[in-house]
Amino acid sequence: MISDLSRDLVEEILSKVPITCLRAVRSTCKLWNVLSKDRVLCKTDITHQFIGFMVKEYRICSMRFSLHGVGSSIKEIGNLFNQAEICNIIHCDGLLLCVTKEDKTRSLVVWNPYLGQTRWIQPINNYHRFESSDKYAFGYDHKNRNHKILRVFDVNRYEIYDFSSNSWRILDIIPDDDIWSRQRGASLKGNTYFVAKEKTLVDEDVVGEVEIDEPHNLLLCFDFTREGFGPFLPLPFLHYNEDIGTLSTLRDEKLVVLYQRMVCPEVEIWVTTNIEPDAVSWTPFLNIDMQPLDRGFQFVLCSGASFFIDEEMKIAVVFYIYRAEKMAKTRSYHSVCITGENGYLDNLDLGDAVYRHVPMRENPYCCPLVCSYVPSLVQIN
């Protein structure tokens, strides 16, 4: 009988079950129910393995990525959200905020993959035609764990959606920042962090007469409890718009940033030692020279490129677009670069990247977007 299987064997079986199927196995027997709940609450010992979701060519895939090189899998999830195409995905507290791509009917969908629950959210105003025009953040109020969604649009106008009231509100915020348009925010401990630039006020009489230095980018936190931005926080390097920089998180405990100066082969990765809405401190994690590689990577054409790290193994896994020129033709691929303190380890191709027609200065390729996932029992209906 199934109930007679050993605990070790059941745990091995459950480790191979996709997150979206765990709900079904809970009804098998009491032991399977207990062990699946342990996995949902992260009580199992899954080491050196990244579990999450990927948006690839506007389709959501479940992903299990083993840093040992064995047992990795990326599978498209079919029949999801009425086959809607997804252009962005954000994880917070076991929930996924998915932004659909459709121009005229774009919506937000909040999804709990473990419970199989979804909530469709319509905007106050129409979403912009092109997905990169609107920015989103996903978090919760620390006083009551009420989840909220922030929308940034029309040159720093702000709306917030409240789950408890099922309604949107306009936020009366006078912005003194410009959130970097090519960068996704990173949700951490219920708040969201952005790469942003402090606004510089210039006297119109001197414009064109003096050279104005471009201010460097900083870190900015949106606090969902007080529904406002904190002070500008320092990044561990001088970052400008032409440089490559992207944020990630580690176990919802630390913020991680990857940085590459324009036309520079060196990549820096830093991790926070302390992170709050009004304070941050950093420590270096990896410094990698990509020049010896046959195909170095840069993210200048990839909006919000994704990556994750393993602290113990000192490894970074970066998802990006690789463009290869063969016989006067350029072909682009979804790729994964695995690198560590000893240098380049491996590179994987995930298939062709499809070119699309977009406005000038926007990325013509849909860079793979990856988010980690910790299953939870949070109810959204």
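1. The structure holds eight salt bridges, a salt bridge being a side-chain nitrogen of Lys or Arg within 4 Å of a carboxyl oxygen of Asp or Glu. Please keep in mind that this is a predicted model, where local features need pLDDT of at least 70, side-chain atom pairs count only at pLDDT 80 or more, and totals for chains, interfaces and linings use all residues. Residues are numbered from 1 along each chain as its sequence is written, and side-chain values use heavy atoms, with hydrogens and water left out.

2. Let's begin with Glu227 and Lys148, whose side chains form a salt bridge at 2.7 Å, N to O. Glu227 sits in the loop between β15 (218–223) and β16 (228–229) while Lys148 is in strand β9 (residues 147–153), so this pair ties together parts 79 residues apart in sequence. Strands here are DSSP runs (E, at least two residues), numbered from the N terminus.

3. Are these two partners buried or exposed? Glu227 counts as buried at 18% relative accessibility, and Lys148 is buried too, at 4%. Buried means under 20% relative accessible area, exposed over 50%, and partly exposed in between (1.4 Å probe, protein chains only).

4. Glu227 also has a salt bridge with Arg169 (2.7 Å, N to O). Arg169 belongs to strand β11 (residues 167–170) and Glu227 to the β15–β16 loop, so the pair joins parts 58 residues apart in sequence. Arg169 is partly exposed, at 33% relative accessibility.

5. Which residues make up the salt-bridge network? Asp141, Lys148, Arg169 and Glu227 are linked in it.

6. Do look at Arg151 and Glu159 as well, a salt bridge at 3.2 Å, N to O. Arg151 is buried at 1% relative accessibility, and Glu159 is buried at 0%.

Notes: Helices (H or I, at least four residues) and strands (E, at least two) are DSSP runs, numbered from the N terminus.
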